[in-house]
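Welcome! Take a moment to look over the sequence and the model, then follow the briefing below.

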Amino acid sequence: MKRFFGNISFVVLLNLLVKPGWVVVENLVQDRLGHATFGLITALSALTLVVAALSDLGLTPYSVQRVAAEPGFMAETFPTLLPLRGALNFVALAAMLVVGWGLGYRGPELGLLAAVGAALLLAQYGQFLRGTLQAHQKFNTDAVLSVVEKFLLLGAVLVLLPVGLTLPRYVGARLGAAAFTTALLYGLMTRFFGRVKYRWKGPVARTALRASLPFALMTLLYGVNERIDMVMLERLASPTEAGYYAGAYRWVDAVMMYAWTVLPLFFAKFASVPKDAGAQRELLRFGQRIVTLPLLFVVAFIFFRGEVVFWQFKHSSPAEIARMTLCLKILFVNVLVHSFFAIYSTLLTSTTHERAVSWLVALSIALNIGLNLVFLPKFGAIAASVDTLICAAAVSVGYLVLVARRTGVGVPGRLLARLLLCFGLLCGAWAGLQYGLFLSWWLEAGIMAVVFGLLVLGTGLVRRNEISQLLPGRGVKS
């Protein structure tokens, strides 16, 4: 567990070095291009994410699960999976353009969709290649590779800002960074595991596709559930409203990237002990704290100081900033819900309960679309934020029910109660600090970070002996 914690720490450190900088730069991009233009780009990106599930068909989580449990699976199946996965990219790109045409995009908008979609499909293929490293428990190497694309794109945009940032240049930089990263990942995979000689075997492909279909359905449903708001907002309300929502949701993506970076590591760990309920129980309790605790502090900061994250929007009016801030605070209640319950989805999907999870997400999508159709035309970005929160809460209750009924792991109710108590005390202390005081945001955040540390220790969420075991030279490696 100590070694695994070290893997997680390394992943988080790398993301902290790159991704906050990317969020700041993307704020500048939106400020330069305008809310309406950036709203269109974000809606097209959301559409590509939804359709891009076709490019994977669940092959990435399926291969991670199988290789983690059966190392020989890679040598037997990857000569067929690699060309299959590449061919699916072209099918998905064509599907994106057809869906875009059906939604009313024409001319330059379709060209923009093609470029954005190609960049995403290349990135998705890179994630498929990285799955081989996760399955072999090479988490540190995977961590470095996970930030390469963002690092390249960050550098490209920083170069473009002073010379003149335009929409074609920005989209071109995204496509170039994705292409370079995918080529790098393919080269490294062959270096680690040897060159894979493509060998098409129809029965192998059919078997893999049948086995991966539950993952494919789940991935598609998650994509629709996460991104349908942006597409519907741009189509039913306006690109400007989509821009407001994008400005707020960017911070949700940035913060949740912590969870989406850590949870695949737990997916591989859960999958490596598929029949050991005791080991899964220990991993769940460990993962619950690892995922939830850092996000509790960030959510509290946004609740009390959310407006400071929009400091770069020099060309936006106070009313526009206020609207984005309100969206942000609503969406961060959604982050709070995910911080508590996302790991239960990881446990379920890594232990052959993908179909039940897919049904849950499908019901959430139906609820989300219904709410959006009624409220988006009138209330715009605010309605999209509230609808997202309602659906996240509904699906999270379902995760708990499934874990309690279908696994031998059980729900750690006391641990959840202590986490909720810690968050309530943190918010109470933060409100008390602000009462009658007008401290700068960074001083206020620093004081509350110390308070949060004391609350974590005081509520027993982290014990002193656990900290000492994680220090260099202490504890037992596993």
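Leaving aside neighbours within four places in sequence, which residues is threonine 388 in contact with? Threonine 388 is in contact with Asp229, Tyr245, Leu331, Asn334 and Asn368, where contact means heavy atoms within 4.5 Å. This is a predicted model, in which local features need pLDDT of at least 70 and side-chain atom pairs count only at pLDDT 80 or more, while totals for chains, interfaces and linings use all residues. Residues are numbered from 1 along each chain as its sequence is written, and side-chain values use heavy atoms, with hydrogens and water left out.

- Threonine 388 lies in helix α14, which covers residues 354–406; helices here are DSSP runs (H or I, at least four residues), as strands are (E, at least two), numbered from the N terminus.
- Threonine 388 counts as buried because its relative accessibility is 11%; buried means under 20% relative accessible area, exposed means over 50%, and partly exposed is in between (1.4 Å probe, protein chains only).
- Asparagine 372 is in helix α14 too, and with 0% relative accessibility it counts as buried.
- Not counting residues up to four places away in sequence, asparagine 372 touches Ile228, Asp229, Met232, Leu236, Pro377 and Asp387.
- Between the C-alpha atoms of asparagine 372 and alanine 123 there are 29 Å, and along the chain these two are 249 residues apart.

**Salt bridges**

- How many salt bridges does a search of the whole structure find? The search finds 5, each being a side-chain nitrogen of Lys or Arg within 4 Å of a carboxyl oxygen of Asp or Glu.
- Arginine 235 and glutamate 234 form a salt bridge through their side chains, at 2.8 Å from N to O.
- In that pair, arginine 235 is partly exposed at 34% relative accessibility, whereas glutamate 234 is buried at 5%.
- Glutamate 241 and arginine 323 form another salt bridge, with their closest N and O atoms 3.2 Å apart.
- This pair links distant parts of the chain, 82 residues apart: glutamate 241 sits in helix α11 (residues 239–272) and arginine 323 in helix α13 (residues 318–349).
- Glutamate 241 is buried at 15% relative accessibility, while arginine 323 is partly exposed at 27%.
- Arginine 305 pairs with glutamate 307 in a salt bridge whose closest N and O atoms are 3.9 Å apart.
- Arginine 305 is buried, with a relative accessible area of 16%, and glutamate 307 is partly exposed, with 35%.
- A network of salt bridges links Arg305, Glu307 and Glu444.

**How α11 and α12 pack**

- Two packed helices are described by the angle and the distance between their axes.
- The axes of α11 and helix α12 (residues 277–305) come within 10 Å and cross at roughly 175°; axes are lines fitted to C-alpha atoms, for helices over the stretch in contact, and angles run from 0 to 180 degrees between N-to-C directions.

**Helix α8**

- The buried residues of α8 are Val148, Leu153, Leu154, Val157, Leu160 and Leu161.
- After α8 comes glycine 164, with a positive phi near 125°.
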